[in-house]
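This report walks through one protein model, from overall fold to single residues. The sequence and structure come next.

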Amino acid sequence: YINLRGGHYVPPAVPEPGLSAFSSALDAMEAALKMEMNVNHALLKMHQAASEADDAQLCDFLESNFLEEQVEGINSIAKTVRKLMRTGPGLGEYMVDKEMA
């Protein structure tokens with residue numbers, strides 16, 4: 001998008017996530033849900049800034065390429081978290097894992 005608008009982008013270094021080892025699948029999925037929600041919040045802030053700057057093209061770009069997919073991803077992970085909470089550790093985690101595969 002930036003190239004289409006004549007800009008130049010130099011990506012900053014992406015920091016490593018704070019957690020890299022998890023005690024259970026539930027912990028891992030809760031961390032993934034938190035990260036997805038942070039990304040969604042950042043996209044919404046960017047959309048708001050574009051809207052305040054009357055940049056309809058950027059708003060449309062964000063809506064059509066990122067926001068809908070992000071909400072679907074959050075919903076999918078949240079459903080998995082709920083399943084893991086209901087089923088519990090051990091066999092429950094195994095069954096949820098098998099269902100996801």
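## Fold and overall shape

From the N terminus on, the elements of the protein chain run α-α-α. The radius of gyration is 18 Å, well over the 13 Å that the globule rule gives for 101 residues, so the chain is more spread out than a compact globule. That radius is taken over C-alpha atoms, and the rule is 2.2 Å times the number of residues to the power 0.38. The tally is three helices and zero strands. Both kinds of element are DSSP runs, numbered from the N terminus: helices are H or I with at least four residues, strands are E with at least two. Along its principal axes, the C-alpha trace spans about 55 × 25 × 20 Å.

This is a predicted model, in which local features need pLDDT of at least 70 and side-chain atom pairs count only at pLDDT 80 or more, while totals for chains, interfaces and linings use all residues. Residues are numbered from 1 along each chain as its sequence is written, and side-chain values use heavy atoms, with hydrogens and water left out.

## Surface, burial and charge

Buried residues make up 22% of the 101 residues. Buried means under 20% relative accessible area, exposed over 50%, and partly exposed in between (1.4 Å probe, protein chains only). The accessible surface of the chain comes to about 7,800 Å², and 58% of this belongs to carbon and sulfur atoms. These areas come from the Shrake-Rupley method with a 1.4 Å probe; for residues, only the protein chains shown count as cover.

The chain carries 8 positive and 15 negative side chains. The centres of the two sets lie 7 Å apart. Lys and Arg count as positive, Asp and Glu as negative; His and the chain ends are not counted. Each charge is placed at NZ of Lys, CZ of Arg, CG of Asp or CD of Glu.

## Nonpolar cores

The largest nonpolar core has eight residues: Met-29, Leu-33, Ile-74, Ile-77, Ala-78, Val-81, Leu-84 and Val-96. Helix H1 (25–52) and helix H2 (56–87) each supply at least two residues of this core. H2 gives the most, with five. Apart from this core lies another, of six residues, among them Leu-43, Ala-50, Leu-58 and Cys-59. Such a core is a set of buried Ala, Val, Leu, Ile, Met, Phe, Trp, Tyr and Cys residues joined through side-chain atoms within 4.5 Å.

## Contacts around Leu-84 and Val-96

Contact means heavy atoms within 4.5 Å. Among contacts between residues at least 6 apart in sequence, 60% join residues at least 24 apart. Leaving aside neighbours within four places in sequence, Leu-84 is in contact with Ala-25, Leu-26, Met-29, Glu-93 and Val-96.

Val-96 sits in helix H3 (residues 91–100). Val-96 is buried, at 5% relative accessible area. With the neighbours within four places again left out, Val-96 touches Thr-80, Lys-83, Leu-84 and Thr-87. Val-96 and Val-81 are 15 residues apart in sequence and 9.8 Å apart in space, C-alpha to C-alpha.

Asp-54 is found in the loop between H1 and H2. Asp-54 has a positive phi of about 55° although it is not a glycine. Most residues other than glycine have a negative phi. At 70% relative accessibility, Asp-54 counts as exposed.

Phe-22 falls in the segment before H1. Phe-22 is partly exposed, with a relative accessible area of 36%. Beyond its neighbours within four places in sequence, Phe-22 is in contact with Asp-27, Ala-28 and Ala-31. Arg-82 lies in helix H2 and is partly exposed, at 40%. The C-alpha atoms of Arg-82 and Glu-16, 66 residues apart along the chain, are separated by 27 Å.
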